[in-house]
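Please look through the structure slowly, moving from single residues out to the whole chain. Keep the sequence beside you as you read.

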Amino acid sequence: MTTSINSQISFGTDGWRAVIAEDFTFANVRACARGVGRHLRSLGTAGQGVIVGYDTRFGSERFAAAIAEVLAADEIPVFLCETYAPTPTVSYNVIARQAAGAIIVTASHNPPEWNGFKYKPEYGGSASPAIIAAVEREIHEGEAEGPPNLMPLEEARQSGIVTMIDPAPIYVDQLRSLVDVDRIRSAGLRVVVDPMYGAGMGYLIETLDGGATELMEIHGERNPAFPGMRQPEPISHNLGELRETVIRYGCSVGLATDGDADRVGGVDERGRFLTPLQFFALLAFYLLEIRGERGPLVKSITSSRMIDILGERYGVPVYEEPVGFKYVGPRMMETDALIGGEESGGFGFRGHVPERDGVLSALYILDALAQTGRTMSGLLDWLYETVGPHHYDRLDLAFPPDRRTAVMGSVADSQPAELAGMSVTGVTTSDGFRFTLEDGSWLLIRFSGTEPLLRIYAEARSMERVQRLISAGRDLTGI
């Protein structure tokens with residue numbers, strides 16, 4: 001392991017993440033905090049203060065305190081969350097409190113040995129590539145100054161430079177302004193919520209408590225080991241208990257949020273997994289058809305063709321971006337988009353924060369059930385009646401790091417004329433390699449920006465064809 005900060009700290013699709021006690025150390029976290037402080041001073045906004053939040057991972061509150069001590073020593077006001085909170089909760093507080101930005105200690109959906117450092121600018125969303133580059137530059141230039149100065153947390157609190165806050169009330173009030181919670185409360189739904197031991201614990205119950213709708217929560221206690229799941233990510237193999245609970249109690253839907261609650265996932269009333277692409281299309285359909293709203297749709301390159309079809313049907317533009325809300329969020333702001341989303345299960349909405357919000361996404365799904373009186377599978381059938389059948393899957397492959405260049409070189413050199421028996425009609429290389437086929441199906445091969453994984457994605461009209469495409473994609477990689 002190298003000791004050079006320059007080789008350790010590099011922001012990916014959403015912040016910097018690393019293994020705790022290897023690269024994710026107090027020294028490196030403090031270096032990141034100083035870099036953010038230097039960046040805000042260069043903008044002249046440091047006096048507006050920084051929100052500092054954290055998730056339920058091991059040591060997150062201690063890392064957050066270390067960040068506050070660095071900023072306080074630089075005379076930058078800090079609003080330090082008094083307990084763990086979802087990333088969208090902290091992000092919304094940036095806007096509500098007119099802060100200069102936020103720092104959140106979280107590794108989102110990564111395995112339990114990881115932690116991370118997210119920076120949110122004054123608009124509350126993911127930092128754009130230009131902002132990330134500026135912060136990284138300040139982090140590495142600050143290295144020449146030696147270790148950052150620190151102001152002990154208690155001294156900083158007594159001096160008033162650090163203020164402890166509860167970020168939840170402002171955020172929950174915002175949720176209640178965006179969705180008719182009384183309609184959901186009176187709908188008589190039975191809902192299972194799985195916060196996956198993460199920062200979203202209690203938020204849906206607090207927002208909807210009191211009414212005919214019943215909510216129960218599983219994995220609703222803090223456990224940084226995330227037992228029973230590979231990582232706190234709401235994908236099929238991590239939702240076995242949610243599926244079983246929905247079936248056992250005859251529930252309307254099971255909804256899950258990831259480790260920092262900026263993603264959503266779940267199962268229908270029969271316990272069948274709802275893919276992130278289905279969630280995205282359902283949310284866009286809800287806003288366009290059920291609520292009758294209009295506005296652009298923004299999707300990542302890994303997202304469903306269903307979004308394009310909905311755009312055509314309702315006469316709204318669709319914009320496609322590389323993976324990451326650092327691309328999707330700025331495009332949402334630029335176009336005043338109705339919704340922005342990506343294949344990971346993260347969706348942001350107009351009138352809120354240009355940021356993924358798993359809690360609000362879940363509320364919108366519940367409102368769709370409440371407004372229509374349909375079952376979850378009935379909503380999906382209605383969507384498919386509109387856009388046609390679409391099936392999707394993703395394969396994640398670990399690979400030796402020294403083979404990264406060779407793997408993508410193999411894909412680049414292949415130049416296939418056909419895949420799984422269909423002609424290739426287009427190739428996009430803005431983020432990995434996406435092959436579009438003559439029947440409208442697609443295959444994408446790219447490296448994860450947050451984990452050491454190669455991902456292979458496919459969408460087609462049947463699951464059998466999806467699996468054939470993924471197999472063909474794996475053959476291209478040579479793994």
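Glutamine 415 counts as exposed because its relative accessibility is 66%, where exposed means over 50% relative accessible area, buried under 20%, and partly exposed in between, using a 1.4 Å probe and protein chains only. This is a predicted model, in which local features need pLDDT of at least 70 and side-chain atom pairs count only at pLDDT 80 or more, whereas totals for chains, interfaces and linings use all residues. Residues are numbered from 1 along each chain as its sequence is written, and side-chain values use heavy atoms, with hydrogens and water left out.

Glutamine 415 lies in the loop that runs between α16 (404–414) and β17; helices (H or I, at least four residues) and strands (E, at least two) are DSSP runs numbered from the N terminus. The phi angle of glutamine 415 is near 40 degrees, a positive value in a residue other than glycine. Most residues other than glycine have a negative phi.

The loop between α16 and β17 also holds alanine 417, which is exposed, with a relative accessible area of 62%. Leaving out residues up to four places away in sequence, alanine 417 touches Met422, Ser423 and Val424, a contact being heavy atoms within 4.5 Å. The C-alpha atoms of alanine 417 and arginine 374 are separated by 44 Å, although these two residues are 43 residues apart along the chain.

Strand β17 is joined by two bridges to strand β18 (residues 422–428), and the two run antiparallel; two strands are said to pair if DSSP finds at least two bridges between them. Within this pairing, leucine 419 has methionine 422 of β18 as its bridge partner. Strands of a sheet pair through backbone hydrogen bonds, either parallel or antiparallel. What is the order of the strands in the open sheet of six? The order is β16-β21-β20-β19-β18-β17, with antiparallel pairing. Because β16 (391–398) and β17 (418–419) stand at the edges with a single partner strand each, one side of each is left without a neighbour in the sheet.

Apart from its neighbours within four places in sequence, aspartate 308 is in contact with Lys299 and Val318.

Now consider the chain as a whole, which contains 17 helices and 21 strands. Its C-alpha trace spans about 65 × 60 × 40 Å along the principal axes. With 479 residues, a compact globule would have a radius of gyration near 23 Å, and the 22 Å of the chain agrees with this; the radius is taken over C-alpha atoms, and the globule rule is 2.2 Å times the number of residues to the power 0.38. Buried residues make up 61% of the 479 residues. Among contacts between residues at least 6 apart in sequence, 70% join residues at least 24 apart.
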